[in-house]
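Please prepare a short briefing on the structure shown below.

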Amino acid sequence: MKNLFALTLMLLLVGTSAAAEPPIYDVVVYGPTSAGVIAAVQAKQMGKSVVVVGPDKHLGGLSAGGLGYTDSGSKAAIGGLSRDFYHRVWKYYQTDAAWPWQKQSAFGNRSQSPPQPGGDGSTIWVFEPHAAEQVFEDLVAEYKIPVHRDQWLDRQNGVKKEDGRIVSITMESGQKYQGRMFIDATYEGDLMAAAGVSFHVGREANSLYNENYNGVQTGVLHHGHWFKKPVDPYVKKGDPSSGLLPRISGEDPGEKGAGDDKIQAYCFRMCLTNHPPNRIPFAKPEGYDASQYELLLRVFDSGWREVFNKFDSVQNFKTDTNNHGPFSTDNIGRNYAYPEGTYAQRKEIIAEHETYQKGLMYFIANDPRVPEEIRTKMATWGLAKDEFRDNGGWPHQIYVREARRMVGAYVMTEHDCLDRKPTPESVGMGSYTLDSHNVQRYIKPDGFVQNEGDIGVGAPRPYEISYGSLTPKKEECPNLLVPVCVSSSHIAYGSIRMEPVFMILGQSAATAACLALDADIPVQDLPYEQLRKRLEADGQVLEMPKKK
């Protein structure tokens, strides 16, 4: 009897130990961004077990975080599950329930595409944040993908590697995820960095990759987001001893073409409305300081009146509101520490951005020094009550336009984007303008203020994105793919960093992960022709004819 009891106890202990050990997934996706969700769907379609885990409580990243006026470039270059997402958004808007404030006929067919010859269905490229989030939620429900939210990677000790391969990642909560393949789909590249993969933050010098538009760009004025008339930067006009107005750097901007550790500005993509029943008036935020916007008053004094030029219309009398002009929602120079900051430091940076941007909207709508025609019009706008309901109408995702960028097996540069060289082993296409927002606001030698870093160079045609830009160097990690913080120069990333492209690359990364699993090989050793065959079978667009 005693031996039987001991045997039973031993079996119970073994069973308890086994139950406590987390499952081993074929693919672990860290980051529930648009790329992360699409990667998980592709892995599930290929018969693999997959889990999505990450800090976010909401799915879809910026695609569901206010960026509803899609930056897409050539829509013909968007295929596969990325295009299917926009088809599902189109389907969402074919129901009466999707139009509580506006008739569909009144909004019309703006930014809508008919079915392609392949018959993949109509698409729509502008949408409300909640509509996109619902599509992502529908996808994970349809494919029965487990999503573990509010789970923050232990960036110091949470990545366990054996023989160079990641075998598990552990969250600050203590939750561990074991996997055979890993995909970092975050905007920050936290898993990539914690795994010891090489990366870069900031702008490389032009000389590194023989580029023209990468490093410091003093004197280069492309978009309209610069001071077109002389604006005095000093507290007392003409008196440098009085000090600079807020939001202006007194540091030397650097030599043109030189590299630095600065990154392009972040903002929130607000969803605004001027429809009274659904409008939350702009409120004075805690910590509001009107002096932070003195420079804007001087911009108004110079005659500038383009405040509403990027209130881009989406359904139900709403907008995707983006930065526009020399002083706007972009919080220039306040995000440099974000990419490698601790979670606490990032939280502080995000909070400062929120206070700045909420304060900006309140200032424009209420300060009597703002020109009356602008102030009275801004007062008719506000946050949409039915968006970001758990956050008071404010976006839950800051626009991380760039953070870390991997230095991987292949580095995409402006030469790839501008069709100056052939790009090997295409896994998708980009086509948007090489676009960087301003990086710094400085004092010119003539004593007036200017912005620097705003670049816009059109791509001559849709360009290929190399498989090697998704993979680390083999010796650094053979079972990780990175579809968001891809291996690229700063200016090349300015074009690649579009949400449709992130979804394209998410699908391609997952495809490669699954095929490498089947062959039991490092992702870097996957035969490209095998990968290409599957990508094409799944509707990815890998190349397009050159214009004659």
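What percentage of the 548 residues in the protein do buried residues make up? Buried residues make up 58% of them, where buried means under 20% relative accessible area with a 1.4 Å probe, counting protein chains only. This is a predicted model, in which local features need pLDDT of at least 70 and side-chain atom pairs count only at pLDDT 80 or more, while totals for chains, interfaces and linings use all residues. Residues are numbered from 1 along each chain as its sequence is written, and side-chain values use heavy atoms, leaving out hydrogens and water.

**Overall form**
- The C-alpha trace spans about 90 × 60 × 55 Å along the principal axes of the protein.
- The radius of gyration, taken over C-alpha atoms, is 24 Å, which agrees with the value near 24 Å for a compact globule of 548 residues; the globule rule is 2.2 Å times the number of residues to the power 0.38.

**Secondary structure and contacts**
- The protein has 14 helices and 24 strands, which are DSSP runs (helices: H or I, at least four residues; strands: E, at least two) numbered from the N terminus.
- Of the contacts (heavy atoms within 4.5 Å) with a separation of 6 or more, 78% are between residues 24 or more positions apart.

**Strands β1 and β2**
- Strand β1 (residues 24-30) pairs with β2 in the parallel sense over 4 bridges; pairing requires at least two bridges found by DSSP.
- Tyr 30 stands opposite Val 53 in β2.
- In strand β2 (residues 50-53), Val 50 and Val 52 point one way, Val 51 and Val 53 point the other way, and all are buried.
- In a regular strand, side chains alternate between the two faces of the sheet.

Definitions and conventions. Buried < 20%, exposed > 50% of the residue type's maximum accessible area, 1.4 Å probe, protein only.
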